[in-house]
Amino acid sequence: MNVLITGYEVSPFFKRGGLGDVMGSLPKALKKINVDCRVVVPCYIEMQENANGKRIGEFYLHFDDKEEKVGVYKSYLPDSNCVVYFLSNRPILSHINLRGRNKKIDQFAFFSLAVVHFIAWLNSNEKWEVDLIHCNDWHTALIPLILKNKIKIPIPTLLTIHNLSYQGFGSRKVLDLLHFKNEETKGLKREIPAKEIDILGEGILHATKVSTVSPNYALEIMKEEHRHREIYAYLRKREAILGEKDEIIGILNGIDYEVWNPEKDNNLFKKYNTSDWEIGKKAAKEKILKSFSLKSRPTFCFIGRMAAQKGIEMLIKVVKTIVQLDANLIFLGSGDPNIEKSVKRIAQKYPDNIRAEVIYNEELSHKLYAASDFILIPSHFEPCGLIQMIAMRYGAIPIAAKTGGLKDSIVNGKDGFLFEKDKSTRLRRSIKHALVIKKDKSRYGKMVQRAMRKDFSWDKSAALYKKLYGKMIV
Ligand code: ADP
């Protein structure tokens, strides 16, 4: 079974969120169960610097009105024999942070076309025949359409949706860059204005199979029409074409147990496991609090992208309670400038209890997971969420909104706390309750141990992907 997995980021070479973690860990888990999977991603400058890939060839493709050269680099995921290919094209693929929605969709249309051409290149140059392409999120969601209507290669495609709120929405002119003729795009469904395209929506319609990253999110997206109205229409249309049996499958993400392991983590001041967690976490907390000039108190953390989805405004509403309860709150995150500003403002208002690290810092994230007593995850929606899984592995109890994958991975009162989503009064109540539990050493200790022992490795979920691939490859 030869599976080519593609997406826009792959940890540890380039990562901005959970998709990067998945792209860097699922392939290794699949390899262990004899799926020959390889990864292909764009070659941004940072990606190339971090991966130090070897140039193994090139090919040409026609995009817009030019013949474009695509360089192929090869490397491996660390500590594995899992191949990663990087496709490079200086003008188009060197930088990810292109401004303007059409620039971004044009960039990933180019990458998607390059991946399709790469299939033939792999066959002749690496003697590796692709049996299935596993696309992830909107960035690679044009691949099924290109394969079906343009460069007709009968390879099944799985599209995994990691987050429905990023859809790759923009001008339909992108199809001209790919030289789609009118008759080849006639079948495109219009759930949106005539001159626009919703790339994720097209992926949903044209992929052989669609999956998402938790069973609960799979259920939610089929009923929560108000949030992503256009996408909901695409999902319904797919259901109408293929019948109800073609359900959207939800497979819970896992985390990389080599990367996220307090027993082996070199970022920590003191490594620890389920027996000596108290010593390890105490050391981590002391160091962190000292470095932030915070007093030794119960410590809450928020780690994550500063995006509307993450419900940070609810945290800001409960900050006063946290201060009154004599606890600390540390933010680590970056993203939306307005959210960043309000987080910085609240940290300035309460300098004795609140800190805001408005940066992306992988090393600090490891230290904070270890140092935290509780991790706050007030997301309005969360397709899967890895933060709660990593937190639990490091013995930090998650206090999370009851939504999406958070609901699938936390058992309320046993290994974490779930509160009714979108309600800051419920969040406040959970915070107070968590602090009461923390005072009961034996009860809190049992919760920490249960959380740390929970299995979030990829083993189970990789087997589910293998089964799904098997059904799709005929
Ligand atoms: P999403 O994919 O929506 O960003 P996830 O919970 O699935 O959320 O994954 C977030 C991943 O990104 C985790 O590995 C988390 O530790 C990491 N992360 C997010 N923000 C930061 C940051 N500012 N610094 C370091 N790591 C971060």
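## A pair at the end of the sheet

S211 stands opposite I249 in strand 11. The model is a predicted one, in which local features need pLDDT of at least 70 and side-chain atom pairs count only at pLDDT 80 or more, while totals for chains, interfaces and linings use all residues. Residues are numbered from 1 along each chain as its sequence is written.

Strand 10 (residues 209-212) runs parallel to strand 11, and two bridges join them; strands are DSSP runs (E, at least two residues), and helices likewise (H or I, at least four residues), numbered from the N terminus. Two strands count as paired if DSSP finds at least two bridges between them. On that basis nine strands form an open sheet with mixed pairing, in the order 3-4-5-2-1-6-7-10-11. Strand 3 (54-63) and strand 11 (249-250) are its edge strands, each of which pairs on one side only.

## Helix 5 and its cover

In helix 5 (residues 143-150), the buried residues are I143, P144, L145, I146 and L147, where buried means that 20 or more other C-beta atoms, placed from the backbone, lie within 10 Å of the residue's own. Their cover includes helix 4 (101-126) and helix 8 (199-206), together with strand 6 (132-136) and strand 7 (157-161).

## Two domains and their contact

The domain assignment, whose bounds come from an automatic or database source, gives domain 1 (2-255 + 459-472) and domain 2 (277-453). The C-alpha centres of domain 1 and domain 2 lie 32 Å apart. Contact, defined as C-beta atoms placed from the backbone lying within 7 Å, links 17 residues of domain 1 with 14 residues of domain 2.

On the side of domain 1 that touches domain 2, helix 1 and helix 9 (215-223) each supply at least two residues, and the largest share, four residues, comes from helix 9. By class this side has five nonpolar, nine polar and three charged residues; Ala, Val, Leu, Ile, Met, Phe, Trp, Tyr, Cys and Pro count as nonpolar, Asp, Glu, Lys and Arg as charged, and the others, Gly among them, as polar.

## The shell around the ligand

The ligand is surrounded by 19 residues, of which the closest are G17, G18, S365, L386 and I387; a residue is near a molecule if its C-beta atom, placed from the backbone, lies within 6 Å of it. Eight of the shell residues are nonpolar, eight polar and three charged.

Domain 1 and domain 2 each contribute at least three residues to this shell. Helix 1 (18-32), helix 14 (362-371) and helix 15 (387-393) each supply at least two, and helix 1 gives the most, with three residues.

Notes:
Buried ≥ 20, exposed ≤ 12 C-beta atoms within 10 Å, placed from the backbone. Contact = placed C-beta atoms within 7 Å.
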